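Reader: Hi! Could you walk me through this model?
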Amino acid sequence: MAAAVAVGVLAGPAATARPTHSRQVGKTSLPQLSHRGPFLTDAAGRVVFIHGVNAVYKRAPYVAPKSARGFTARDADFLARNGLNGVRLGVLFAGVMPKPGVIDHHYLNQVNRIVQLLASRHIWVLLDFHQDAFNERFDGEGFPAWATNDDGLPFVNLGSFFVNDQTPAVQHAYDHLWNDDTGLWHYYAQAWKAVAKKWRDQPYLMGYDLFNEPNAGSQMLTCANPLGCPIFDARLEKFYDYVRAAIRTVDHRGLVFYEPQFLFNAISQSNFTHVDDPEVALSWHDYACTPAFVEGGVVPGDLDCQINEPRVMDNAAAQIKAMGGGGIMSEFGAGDDLSDLARLTSLADGHLSGWMYWQYKHWADPTGGGNEGLFADDSKLSSVKTAKLAVLVHPYPQAIAGTPTSMSWNATAKTLRFGYVPNRSTGLTDVFLPALTCHHGCTIKVKGGKVVRRTKLHAYLRSRPGAKAVAVTVAAKRS
């Protein structure tokens, strides 16, 4: 706990002009994500905001079952109904390649069942090679046993993923990976190539998240400072470039997400350089204060959160600009501290960033806390934690026909405000209106534009000819 607290205490660039892409399959344009500057964009060029969740099943068979406690059509409907329009879906290396060089296509088909459920509801899917503490041998998950080399060092579970991740046996396994002294890069890249080949033409593909929370191994302490670890980051970037090159042999335009080293989440900046690929992005996490380790925190008023969480956001914005990519906060939360969830989602709004809460269901997570899911009972959607859901679900623009300039949500007044510089050629701005907020109705005021169509859960806006800016206010009606 002392180590966790120490880490917590120590510890929106402008868009660049670049044409957006629309992948063509025959004469059909696939809905997939690209980016314009730091913003994720759809095939029409609209800026897409993701308010989503993680769905990572860490135990064998590494994919959620088709059951009430797993993931079914009812779960996909729940997400769509609540405007949770993105899922970071676990696709584990251990499942993809259970033996060296052997792709398990049955496993990919099991994952594909969930991909299709999500895509059919127009939910964006970020495919995630998730790992924590490398392998089950270390009470973690991700890498297959054949790829795990700890040099025979003993391992004792110390009761915390954060602490286990710093033990010698685990760090030796990571060292062998980063040194590539057993040829593991080749196998990892080939696994990703198989995944990209399967889903390269998948509607509502968000992209490929190459590696969850990389541990720097024996170099980890060099990262435990505000400036981070440039030497390790150079090696990590080389690894990502290698894997991305394999993906590019089968998919030239899918968005590839790099993740910073583990301590970026709380204390240190990332030092990736410009990536010579027009379709790259940063997938980053914000667990920068004590609620990430202790429900409710231990510092009165969560002062460390107020200092460190914005710093992680700023570091992410700087890294996105340096890479020349897009970005999203793909993990945060992992608990029932509602003030922390509200603070982080508000920070994301201020930075004009989308987000993905960790996580949808607990699924007996071996490296997480018991309160991280949205439900008290994974098998019962009726057991949803309503107070948590109310923090995460509120009106927001799912797609903006232009360049966003501001966004804020006032939970007390139940009022959303956002602004953008319009681009009429990209179509309509799509505002999600959840029943949770708008059960008595919601009013919409548009300066510089108008509402042209409205459905039960969405309002579609068009800017007025010649408008230089659009300002939108959405407010819940009182009973």
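Author: Happy to; we can go through the core, a helix pair and some backbone features.
Author: This is a predicted model, where local features need pLDDT of at least 70, side-chain atom pairs count only at pLDDT 80 or more, and totals for chains, interfaces and linings use all residues. Residues are numbered from 1 along each chain as its sequence is written, and side-chain values use heavy atoms, with hydrogens and water left out.

Reader: Great. Which residues touch the most other members of the largest nonpolar core?
Author: Leu 79, Leu 127, Trp 192 and Phe 239, in a core of 109 residues. A nonpolar core here is a set of buried Ala, Val, Leu, Ile, Met, Phe, Trp, Tyr and Cys residues joined through side-chain atoms within 4.5 Å. Buried is under 20% relative accessible area, exposed is over 50%, and partly exposed is in between (1.4 Å probe, protein chains only).

Reader: And which helix gives the largest share of this core?
Author: Helix 7 (residues 184-199), with ten residues. Helices (H or I, at least four residues) and strands (E, at least two) are DSSP runs, numbered from the N terminus. There is also a second, separate core of 24 residues, including Phe 39 and Val 470.

Reader: How do helix 4 and helix 7 pack?
Author: Helix 4 (residues 105-120) packs with helix 7 at an angle of about 45°, and their axes are 12 Å apart. Axes are lines fitted to C-alpha atoms, for helices over the stretch in contact, and angles run from 0 to 180 degrees between N-to-C directions. The two helices are therefore oblique to each other; angles under 35 degrees count as roughly parallel, over 145 as roughly antiparallel, 65 to 115 as roughly perpendicular and the rest as oblique.

Reader: Which residues meet there?
Author: Leu 108, Asn 109, Val 111, Asn 112 and Val 115 in helix 4 meet Ala 194, Val 195, Lys 198 and Trp 199 in helix 7. Contact means heavy atoms within 4.5 Å.

Reader: Switching to backbone: where are the cis peptide bonds?
Author: One runs from Ala 60 to Pro 61, with omega near 10°, and Pro 61 sits in the loop between strand 6 (51-55) and helix 2 (73-81). The bond from Trp 358 to Gln 359 is cis as well, with omega near -20°.

Reader: What about phi of Glu 213?
Author: Phi is near 45° for Glu 213, a positive value in a residue other than glycine. Most residues other than glycine have a negative phi.

Reader: Is Glu 213 buried or exposed?
Author: Glu 213 is buried, at a relative accessible area of 7%.
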